[in-house]
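Trainee: I would like to learn how to read the features of a model like this one, going through them one at a time. Could we begin with how strands pair?

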Amino acid sequence: MSTTDVFDDTSHIPADLLPVMEALGVVGRDLCRTIKRGPLGGSLGAGVGENLGGDQQKALDVMADEAFAEALKTTSVRYYASEEQDEVVELNPKGHLGLAIDPLDGSSNIDVNVSIGTIFSIFEAKDGDPDGSFLRPADEQLCGGYIIYGPQTYIVVTFGNGVQSYIFDPDTTVWKLVETEHKVPEKAREFAINASNYRHWSPAIRAYIDDMLAGETGPRDQNFNMRWVASLVAETHRIMSRGGIFLYPGDDRTGYERGRLRMVYECAPIAFLIEQAGGRATDGHDRIMSQQAKELHARTPFVFGSADKVARVAAYQDLPTDEVSALFGNRGLFRA
Ligand SMILES: O=P(O)(O)OC[C@H]1O[C@](O)(COP(=O)(O)O)[C@@H](O)[C@@H]1O
Ligand SMILES: [Mg+2]
Ligand SMILES: [Mg+2]
């Protein structure tokens with residue numbers, strides 16, 4: 001078994017991506033320490049500006065972005081596309097990879113001691129074409145993954161051959177391989193959606209949620225539970241661990257027609273992981289993995305989780321208008 005100072009077992013990591021994974025692992029363990037110290041290291045959640053997407057940048061967003069860009073300069077990453085940078089940045093002109101990153105996901109949770117993360121995606125770079133290296137079908141990714149900074153810190157990653165997890169061991173500061181074949185469980189009765197947007201959703205999404213809220217007395221004949229952490233990484237980790245479904249659909253708020261989440265550095269890598277773990281990931285209807293962003297910071301509606309649940313959302317979108325707007329008792333198609 002091959003090992004390094006950063007990973008105890010590198011057998012699942014393709015050799016040409018190992019230096020990149022090590023750089024991510026080193027910054028990830030530094031961030032883990034910074035996050036654990038919280039206010040002892042300064043005000044991590046203080047607002048410091050706004051990114052191109054209009055989101056407020058927190059001190060930790062910027063700190064994480066700078067640390068990843070700096071560490072990746074010495075690897076074969078040529079192009080670096082970050083949520084926190086307006087344009088693609090060229091790191092190593094001799095490199096052959098493009099790396100997209102959400103350096104700090106769930107930043108509204110920094111100050112409240114709830115799990116946050118980093119999401120990353122790697123493509124083969126297109127020579128001389130920084131944007132084109134990322135604006136391409138998601139199924140051309142070489143790697144998709146996240147780091148979760150929670151009660152435990154993990155790297156969960158796919159290179160297109162199943163999903164592996166490494167846990168950070170604070171005693172040895174090494175990432176230890178603990179799971180080689182993650183599978184999304186099928187049976188959970190849990191859904192995650194920001195229900196405060198209910199009035200803005202389409203009739204199909206409302207109908208899907210209404211039928212779950214109706215529980216045993218509705219067409220699904222069973223009770224469901226709801227979760228909303230507001231950290232995509234934390235929701236993904238829960239669904240990886242015990243199944244369920246996540247939805248961030250488009251809605252009728254200005255700027256939210258295609259939801260909130262970004263295709264290149266949030267949805268594409270999570271979709272890759274979820275499919276590799278046997279789940280399904282769509283824009284509510286079609287596979288994310290066969291789509292591509294038109295712009296670096298483009299949004300997409302996003303639905304992912306246990307395969308049968310995600311398929312059911314697509315079926316609701318296909319219902320005739322009168323069925324969708326009927327009282328749930330009439331949606332006979334979806335009984336049980
Ligand atoms: O606040 P809302 O609208 O519920 O959105 C929550 C979503 O926004 C995000 O926080 C966006 O991520 P960032 O923190 O990287 O901007 C997701 O992690 C989460 O799923
Ligand atoms: Mg994010
Ligand atoms: Mg972010």
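Mentor: Two strands are said to pair if DSSP finds at least two bridges between them, and strands (E, at least two residues) as well as helices (H or I, at least four) are DSSP runs numbered from the N terminus. Here strand E3 (residues 77–82) and E4 pair in the antiparallel sense over two bridges, and Tyr 79 stands opposite Glu 90 in E4. Before we go on, bear in mind that this is a predicted model, in which local features need pLDDT of at least 70 and side-chain atom pairs count only at pLDDT 80 or more, while totals for chains, interfaces and linings use all residues. Residues are numbered from 1 along each chain as its sequence is written, chains are lettered from A and ligands numbered from 1 in the order in which they are written, and side-chain values use heavy atoms, with hydrogens and water left out.

Trainee: What is the order of the strands in the open sheet of eight?

Mentor: The order is E4-E3-E5-E6-E7-E8-E9-E10, and the pairing is mixed. Strand E4 (89–90) and E10 stand at the edges with a single partner strand each, so one side of each is left without a neighbour in the sheet.

Trainee: How many bridges join strand E9 to strand E10?

Mentor: Five bridges join E9 (residues 163–169) to E10 (residues 174–179), and the two strands run antiparallel. Tyr 166 has Leu 177 in E10 as its bridge partner. E9 and E10 form a hairpin with four residues between them, and Thr 173 in the turn has a positive phi of about 60°.

Trainee: Which residues are buried in helix H3?

Mentor: In H3 (residues 203–213) the buried residues include Ala 204, Ile 205, Ala 207, Tyr 208, Ile 209, Asp 211 and Met 212. H3 is followed by Gly 215, whose phi is positive, near 55°.

Trainee: How is a metal site read, and which residues coordinate the magnesium ion (ligand 2)?

Mentor: Donors are N, O and S atoms within 2.8 Å of the metal (3.2 Å for Na, K and Ca), and since water is not among the atoms, sites may look incomplete. The magnesium ion (ligand 2) is coordinated by Asp 102 (OD), Asp 105 (OD) and Glu 266 (OE) at 1.9 to 2.1 Å, with a sequence spacing of D-x2-D-x160-E. Asp 105 lies in strand E5 (residues 97–105) and Glu 266 in helix H5 (residues 263–276), so the pair ties together parts that are 161 residues apart in sequence. Both Asp 105 and Glu 266 are buried.

Trainee: What are the protein donors of the magnesium ion (ligand 3)?

Mentor: They are Glu 83 (OE), Asp 102 (OD) and Leu 104 (O), lying 2.1 to 2.2 Å from the ion. Glu 83, in the loop between E3 and E4, and Asp 102, in strand E5, are 19 residues apart and link distant parts of the chain. Glu 83 is buried, with a relative accessible area of 9%, as is Asp 102, with 1%. The two magnesium ions (ligand 2 and ligand 3) are 3.7 Å apart, and Asp 102 coordinates both.

Trainee: How should I read the domains, and how many salt bridges does the rule find across their interface?

Mentor: Domain bounds come from an automatic or database domain assignment, which here gives domain 1 (15–179) and domain 2 (190–334). Their C-alpha centres lie 25 Å apart. Buried area is the accessible area (1.4 Å probe) that two parts lose on being put together, summed over both, and the two domains bury about 2,800 Å² between them, 64% of it on carbon and sulfur atoms. Ile 119, Leu 135 and Tyr 146 supply 21% of the area that domain 1 buries against domain 2, more than any other three residues. A salt bridge is a side-chain nitrogen of Lys or Arg within 4 Å of a carboxyl oxygen of Asp or Glu, and across this interface the rule finds two. The side chains of Asp 55 and Arg 262 meet in a salt bridge (3.3 Å, N to O).

Methods
Buried means under 20% relative accessible area, exposed over 50%, partly exposed in between (1.4 Å probe, protein chains only).
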